[in-house]
Amino acid sequence: MFLVQHLPGWSKGAVALHLTKPRLCLRFGASQDFIISLSGGNMSTEKKELRSRVLSLRSALSPSDRAEKSKGIIKNLLDLPEFNKTKTVMSFMSFGDEVDTTEVAEAVLAMEKVLILPRCASERRLHLSRITDLDRDLEAGMWGIREPKKSGLEQVDPSVIDLVVVPGVAFDLQGNRLGYGGGYYDRFLKLVNPSAPRIALAFEIQIVSWLPVDNYDEKITALLTEKGVYRF
Ligand SMILES: Nc1ncnc2c1ncn2[C@@H]1O[C@H](COP(=O)(O)OP(=O)(O)OP(=O)(O)O)[C@@H](O)[C@H]1O
Ligand SMILES: [Mg+2]
């Protein structure tokens with residue numbers, strides 16, 4: 001059994017066959033390369049392989065390309081009506097070669113909205129704090145990601161969040177998301193008000209035609225890239 005996976009931006013002239021048990025996925029795209037993996041149909045292996053493929057594509061973007069695309073993506077977020085009307089925004093501080101989200105946090109504070117940022121805690125849970133000053137309230141946490149300080153900050157319940165800005169590795173155009181493999185956001189998003197928009201930020205090269213999806217995987221409601229806004 002093998003998986004024929006194709007990345008990224010597969011679109012025109014496509015034929016696809018998906019059978020989940022046994023897992024067989026065949027795709028024929030018009031113009032792109034194919035990636036063939038011998039995953040044996042194991043969901044977690046498929047997720048690992050896809051993460052690795054997309055992370056290599058993302059790390060191949062030059063710093064200037066990444067910075068320019070990040071600016072466009074953040075502009076798309078700041079222009080969204082649902083972002084503008086919202087009062088309490090949870091975002092995340094980017095690390096490595098992710099879309100640079102520093103400006104999101106700055107904009108939320110400048111617009112006098114409530115800014116909430118997560119901290120990775122034990123049992124793969126996110127702990128939330130209200131942040132009022134990016135220099136004073138943050139420190140390097142797990143994996144060097146800037147996170148809220150452990151003490152002295154107002155702790156927040158997920159139910160107060162009006163809009164969540166979601167990180168991720170790969171996305172399809174049906175609202176499915178592949179994260180970094182910790183299950184942090186899958187656990188956390190179950191606690192957020194279902195009416196709160198879940199908006200992911202990613203480069204266009206992080207969009208794939210198909211993702212392995214488990215029953216615990218949480219979906220997003222919109223994906224913003226440098227090319228525009230995809231709603232689900
Ligand atoms: N609600 C949940 N309760 C318990 N375990 C969960 C839950 N959601 C996910 N998990 C576990 O988390 C692990 C990682 O899941 P998955 O590979 O989908 O992570 P991910 O979506 O890539 O990561 P993240 O959510 O951190 O971005 C899996 O072993 C899964 O069993
Ligand atoms: Mg998941």
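Student: Which residue of β15 is the bridge partner of Ile 199?

Tutor: In this predicted model, the partner of Ile 199 is Ala 222.

Student: Why are β10 and β16 called edge strands?

Tutor: The open sheet has eight strands in the order β10-β7-β6-β5-β11-β14-β15-β16, with mixed pairing. Strands β10 (155-156) and β16 (228-231) each pair on one side only.

Student: Which strands does helix α2 touch?

Tutor: Helix α2 (residues 63-78) packs on the sheet and touches β14, β15 and β16. The direction of α2 makes about 140 degrees with that of β15.

Student: Which residues of helix α4 are buried, and what is meant by that word?

Tutor: A residue is buried if 20 or more other C-beta atoms lie within 10 Å of its own. In α4 (residues 102-110), Val 104, Ala 105 and Val 108 are buried.

Student: How do you know that the buried residues of α4 line one face?

Tutor: Viewed down the axis of α4, they fall within an arc of 95 degrees, so they line one face of the helix. Their cover includes α2, β5 (88-90), β6 (114-121), α5 (134-137) and β11 (163-166).

Student: Which helix gives the largest share of the shell around ligand 1?

Tutor: Helix α6 (residues 184-189) does, with four residues.

Methods: Residues are numbered from 1 along each chain as its sequence is written. Chains are lettered from A and ligands numbered from 1 in the order in which they are written. This is a predicted model: local features need pLDDT of at least 70, side-chain atom pairs count only at pLDDT 80 or more; totals for chains, interfaces and linings use all residues. Two strands pair if DSSP finds at least two bridges between them. Helices (H or I, at least four residues) and strands (E, at least two) are DSSP runs, numbered from the N terminus. Two residues are in contact if their C-beta atoms, placed from the backbone, lie within 7 Å. Axes are lines fitted to C-alpha atoms, for helices over the stretch in contact, and angles run from 0 to 180 degrees between N-to-C directions. A residue is buried if 20 or more other C-beta atoms lie within 10 Å of its own, exposed if 12 or fewer, and partly exposed in between; C-beta atoms are placed from the backbone. The arc is that of the directions from the helix axis to the C-beta atoms.
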